[in-house]
Amino acid sequence: MSRIGNNPIAIPSGVEVKVENNVVIVKGPKGELSQDYTHVQVKVEENQVFVTRNGESKEEKSKHGLYRSLISNCIEGVSNGFKTEQELVGVGYRANVTGQLLELNLGYSHTIFMQIPDEVKVSTEAVKGQPPLVTFESIDKQLVGQVAAKLRSLRPPEPYKGKGIKFKGEQLRRKAGKTAAK
């Protein structure tokens with residue numbers, strides 16, 4: 001039984017939800033998103049969206065909560081949007097944005113250029129005494145997470161000094177270094 005799938009999704013004011021041909025179309029002040037679905041029924045009633053299963057098979061049960069969460073993310077995205085911030089921790093690590101091209105200096109012998117999708121807004125901030133900050137904003141939660149994961153994969157944080165790209169506020173597990181032999 002899906003506890004998440006049984007919860008109705010509240011539709012905020014200014015957001016319009018339509019269901020046609022196994023596709024949910026969500027329009028809001030920040031844009032428009034669509035989500036297709038299978039194995040469930042979606043109904044819009046009185047500023048709420050209800051997701052119900054067609055049957056009791058294992059696959060239908062597994063899709064129930066999934067599609068409810070995906071539709072909820074669409075509604076949240078077009079009304080508020082999603083944002084993620086990442087810190088570049090390391091000596092000489094820098095980031096610059098030119099249009100949709102992110103230019104990164106991450107301690108390698110070369111500069112890394114990363115093309116950002118048009119749906120994602122990217123900005124950088126460098127404050128003296130703090131690590132550079134890269135911010136991604138979009139209405140699509142999956143796309144923001146995918147771009148953030150791609151950036152992190154360029155230089156994942158290491159456990160000894162904590163150098164690398166990490167999410168803002170993330171606590172890393174640190175290891176003790178070698179001890180000197182006597």
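**Figure 1. R53, E56 and K61 are linked in a network of salt bridges.** This is a close-up from a predicted model. Take K61 and E56 as the pair to look at: they form a salt bridge whose closest N and O atoms sit 4.0 Å apart. How exposed are the two partners, K61 and E56? K61 counts as partly exposed, because its relative accessibility is 35%. E56, with a relative accessible area of 57%, is exposed. Across the structure there are six salt bridges.

**Figure 2. Strands β2, β3 and β4 make an open antiparallel sheet, in the order β2-β3-β4.** The edges belong to β2 (16-20) and β4 (31-36), each of which pairs on one side only. From one strand to the next, the twist averages 15 degrees. And what packs on this sheet? Helix α2 (residues 58-79) does, touching β2, β3 and β4. The direction of α2 makes about 175 degrees with that of β4. Zooming in on one strand pair, β2 and β3 (residues 23-28) run antiparallel and are joined by five bridges. Within that pairing, V19 stands opposite V24 in β3.

Figure 3. K83 is exposed, with a relative accessible area of 54%, while E85 is partly exposed at 23%. T135 belongs to strand β12 (residues 133-138). Is T135 buried or exposed? T135 counts as buried, because its relative accessibility is 8% and the cut-off for buried is under 20%.

Figure 4. Over how many bridges do β9 (residues 101-105) and β10 pair? They pair over four, in the antiparallel sense. In this pairing, E103 stands opposite F113 in β10.

**Figure 5. R152 and E170 meet through their side chains in a salt bridge.** The N to O distance is 2.8 Å. Which parts of the chain does this pair tie together? R152 lies in helix α3 (residues 141-154) and E170 in the segment after β13 (164-167), so the contact links parts that are 18 residues apart in sequence. R152 is partly exposed, with a relative accessible area of 22%. E170 is partly exposed as well, at 23%.

**Figure 6. R155 lies over the face of Y108.** The separation to look for is 4.2 Å, taken from the ring centre of Y108. How many aromatic pairs turn up when the whole structure is searched? The search finds zero.

Technical notes. Residues numbered from 1 in each chain as written. Predicted model: local features only at pLDDT ≥ 70, side-chain atom pairs only at ≥ 80, totals over all residues. Heavy atoms only, no water. Pairing = 2+ DSSP bridges. Helix = DSSP H or I, 4+ residues; strand = E, 2+ residues; numbered from the N terminus. Axes fitted to C-alpha atoms, helices over the stretch in contact; angles between N-to-C directions. Contact = heavy atoms within 4.5 Å. Phe/Tyr/Trp six-rings, centres within 6.5 Å; stacked < 30°, edge-to-face > 60°. Lys NZ or Arg CZ within 6 Å of the ring centre and 35° of its normal. Buried < 20%, exposed > 50% of the residue type's maximum accessible area, 1.4 Å probe, protein only.
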